[in-house]
Amino acid sequence: VLHFGFASSTLNAQALEALDLAATQRLPIRRVLIEGRTDSVGSAAVNHALAQARAEAARQHLAARHPRLLAVAEVR
């Protein structure tokens with residue numbers, strides 16, 4: 001679970017550390033499911049776009065820092 005600032009899709013230091021730790025586990029990783037979530041403040045359209053942006057931020061970090069993981073795992 002990654003936590004973002006209010007109305008933000010920027011990964012903070014704790015989120016980056018959590019992603020890196022998860023990506024470097026010794027367990028074989030076959031599937032990666034990335035989902036973005038928001039709270040209920042704001043319109044559904046704004047929250048949907050923010051959730052998508054948060055998920056994309058996590059995917060981009062994994063692709064940049066751990067390309068091997070994404071090459072061997074099914075990513076959704």
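Arg37 is exposed because its relative accessibility is 61%, where exposed means over 50% relative accessible area, buried under 20% and partly exposed in between, with a 1.4 Å probe and protein chains only. This is a predicted model, in which local features need pLDDT of at least 70 and side-chain atom pairs count only at pLDDT 80 or more, while totals for chains, interfaces and linings use all residues. Residues are numbered from 1 along each chain as its sequence is written, and side-chain values use heavy atoms, with hydrogens and water left out.

Arg37 lies in the loop between E1 and H2. Leaving out residues up to four places away in sequence, Arg37 touches Ala51 and Arg54; a contact here means heavy atoms within 4.5 Å. Arg37 and Ala53 are 16 residues apart along the chain, and their C-alpha atoms are separated by 9.7 Å.

The wider fold can now be set out. The protein chain has three helices and two strands, in the order α-β-α-α-β along the sequence. Helices (H or I, at least four residues) and strands (E, at least two) are DSSP runs, numbered from the N terminus. The C-alpha trace spans about 40 × 25 × 20 Å along its principal axes. Of the 76 residues in the protein chain, 28% are buried. Among contacts between residues at least 6 apart in sequence, 63% join residues at least 24 apart.

The accessible surface of the protein chain is about 5700 Å², and carbon and sulfur atoms account for 54% of that. Such areas come from the Shrake-Rupley method with a 1.4 Å probe; for residues, only the protein chains shown count as cover. As for charge, the mean positions of the 9 positive and 6 negative charges are 8 Å apart. Lys and Arg count as positive and Asp and Glu as negative, with His and the chain ends not counted.

The largest pocket has a volume of about 500 Å³. A pocket is an open set of points on a 1 Å grid over the protein atoms alone, with protein on both sides within 12 Å along at least five of seven lines, and lining residues have an atom within 4 Å of a point. The lining holds 20 residues, and those closest to the pocket centre are Val1, Leu2, Leu19, Leu33 and Ile34. Helix H1 (13–23), strand E1 (31–32) and helix H2 (44–65) each supply at least two residues of this lining.

Leu33 sits in the loop between E1 and H2. Leu33 counts as exposed because its relative accessibility is 54%.

Val75 belongs to strand E2 (residues 74–75). Its relative accessibility is 33%, so Val75 counts as partly exposed. Apart from neighbours within four places in sequence, Val75 is in contact with Val32, Ile34 and Leu70. Val75 and Arg59 are 16 residues apart in sequence, and 8.8 Å separates their C-alpha atoms.

One backbone angle remains. Most residues other than glycine have a negative phi. Ala7, a residue other than glycine, has a positive phi, near 60°. Ala7 lies in the segment before H1, and is exposed because its relative accessible area is 56%.

Notes:
Charge placed at Lys NZ, Arg CZ, Asp CG, Glu CD. 1 Å grid on protein atoms, 1.4 Å probe; cavity = no way out; pocket = protein on both sides within 12 Å on 5 of 7 lines; lining within 4 Å. Points joined across faces, edges and corners; volume = space filled by probe spheres on them.
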